[in-house]
Amino acid sequence: METLGFLMDGFGVALAPHNLMFALIGAFLGTLIGALPGLGPANGVAILIPLAFTLGLAPETAMIMLTSVYAGAMYGGRISSILLNIPGDEPAMMTCLDGYPMAQQGKASEALAISAVASFMGSLIATIGLILLAPLLADFALTFGPAEYFALFLLAFATLGGITGKNPMKTVVAAAIGLMIATVGIDSTGVQRFTFGTLELYEGVDFIIAIVGLFAISELLFFIEEKAGGGKEEMKVNKLTLKWKDIREILPTSFRGGLLGFVAGVLPGAGASLGSFISYTLEKRVLGKKGYFGKGDPRGVAAPEAGNNGASSGALVPMLTLGVPGSGTTAVLLALLISLNITPGPLMFTQNADVVWGVIAALLIGNFLLLILNIPLVGIFVKLLSVPPMYLLPIVTMIAFVGIYSISNTTFDLYFMVAFGVAGYFLRKLEIPMVPVILGLLLGPEMEKNLRHAMDISDGDWTILWDSGLAIGLWVFAGLGLILPYIVGPILRQRMKATPDSGSPESD
């Protein structure tokens, strides 16, 4: 009953006219961003974070807008997957398998509508799971001491590559780079570290500048290099003829996919890519010969869409309750919370209840807004795919530069942002992921703080770090997180690569 009361208070926050307006704007912009191949939700949220500061939004309004962008981008990723056979982001890859064949059969609008309904179902199920699970996990997290939190942060780094990551060692290198950047500035004892006499570095590196540079500016550089040749070929979208019978057929698939996706989202290092893959694979096993996966089966569209949207909401659970992001996009949202002087974790549910429950209520409302937006306005989102990058690039660049300058009003930050963008470009060229860098920058200070605290209360005895059963359990899971990608990862990635061919009509 207490949770229900908090949720009602959250609806009071989310239904405030200005918050509802920004939720609608965020959902619309997120869908547009998701429709652009290659951008994805993490880049979309990173690009729009400066806008929240430029507009001077309250913490709950900023979080509501950007979580709506997150949800919208997960919806929008399916548009280019279905129409162009180009995934908007990695989790949308599985949607190509049956979505594009449906579009080739003249059923593009049906495929888009089915994916919208399945996305709604998956996200709704996961949001309900978030409401039920998050308060319990937050209460459990109150038992953590500094040693347990240090082990928890270590677990976050160990599992960040996930079992679908291409190269776990590069993930470790990226996390180390992030931790190194986190040491810049004056430490808790007043000692300067790596400031090189530069006054602007005394307070450390602003992670908002790093995030916008590493995600948005590096993406712009890739756009200039790879996508300056104009828009994509547009596929005509037929008139929608979806019937209730078609929707009823995909409901069980969407329910199973949403549950699996939520579990994948809550697990550290799993994420939306795994959620969409296991949902699609399970549905093939459940239906067996009754399905015609790879040839335009509507359930082959519904399963991965429910899975990846369920995972996106599930990833908010560890971020809100433990302060540990469950995905790349939640790492960006975590940076926003910290920059708003809000400490994510169990105490957030009491100290900033209006923000937490306002965001959760906004997710529920946003699901309905996205369903309403996505079906009748899909033609507008499709048109965006034909807009040349030469028109989109100046807008994105302007948002990034104006937003960063509005935070501190110094040109140093603009140069710093560009420097991070160039560094991000070369890191991505080397296939070193960006999210671990950001996570190292975000969690590094708290990790160091908890390590120092643990050493102080134990009088320098390192055994305190594994002195409790909970700490030992976290260390064990961290060890497994480092080892499993080398064992399970290659097998799973091979199956994900083989899945498109197994049911494809073109395969021999």
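This is a predicted model: local features need pLDDT of at least 70, side-chain atom pairs count only at pLDDT 80 or more; totals for chains, interfaces and linings use all residues.
Visitor: Where does S254 sit, and is S254 buried or exposed?

Guide: Helices (H or I, at least four residues) and strands (E, at least two) are DSSP runs, numbered from the N terminus. S254 belongs to helix 10, residues 244-266. Buried means under 20% relative accessible area, exposed means over 50%, and partly exposed is in between (1.4 Å probe, protein chains only). S254 has 0% relative accessibility, so it counts as buried. S218 is buried, because its relative accessible area is 0%. Apart from neighbours within four places, S218 touches G213, G421, G424, Y425 and R428.

Visitor: How many helices and strands does the protein chain have?

Guide: You'll find 21 helices and two strands. The chain has 508 residues, and 57% of them count as buried. Look at its contacts with a separation of 6 or more: 79% of those come from residues 24 or more positions apart.

Visitor: How many aromatic pairs are there?

Guide: Rings of Phe, Tyr and Trp (its six-membered ring) pair if their centres lie within 6.5 Å; planes under 30 degrees apart are stacked, over 60 edge-to-face, and the rest tilted. That rule gives 11 aromatic pairs. One of them, F6 with W357, is stacked, at 6.0 Å centre to centre and 10° between the planes. F6 lies in helix 1 (residues 2-14) and W357 in helix 16 (residues 353-374), so this pair ties together parts 351 residues apart in sequence. F6 counts as partly exposed because its relative accessibility is 28%, whereas W357 is buried, at 2%. Ring pairs also link a cluster made of F140, F144, Y149 and F153.

Visitor: Which residues make the nonpolar surface patch?

Guide: Patches are made of residues with over 30% relative accessible area and no salt bridge; like charges are joined within 9 Å, nonpolar side chains (Val, Leu, Ile, Met, Phe, Trp, Tyr) within 5 Å. A salt bridge is a side-chain nitrogen of Lys or Arg within 4 Å of a carboxyl oxygen of Asp or Glu. Here W462, W466, I472, V476, F477, L480 and L484 make a patch of about 710 Å². Pick out I472, which is in helix 21 (residues 469-502). I472 is partly exposed because its relative accessible area is 42%. As for the protein chain, it exposes about 21300 Å² (Shrake-Rupley method, 1.4 Å probe). Carbon and sulfur atoms supply 67% of that area.

Visitor: What is the phi of F196, and what is the phi of D459?

Guide: Most residues other than glycine have a negative phi. F196 isn't a glycine, yet its phi is positive, about 55°. F196 lies in the loop between strand 2 (192-193) and helix 9 (207-226), and counts as exposed because its relative accessibility is 73%. D459 has a positive phi near 60°. Look for D459 in the loop between helix 20 (435-457) and helix 21; with 75% relative accessibility, D459 counts as exposed.

Terms used. Residues are numbered from 1 along each chain as its sequence is written. Side-chain values use heavy atoms; hydrogens and water are left out. Contact means heavy atoms within 4.5 Å.
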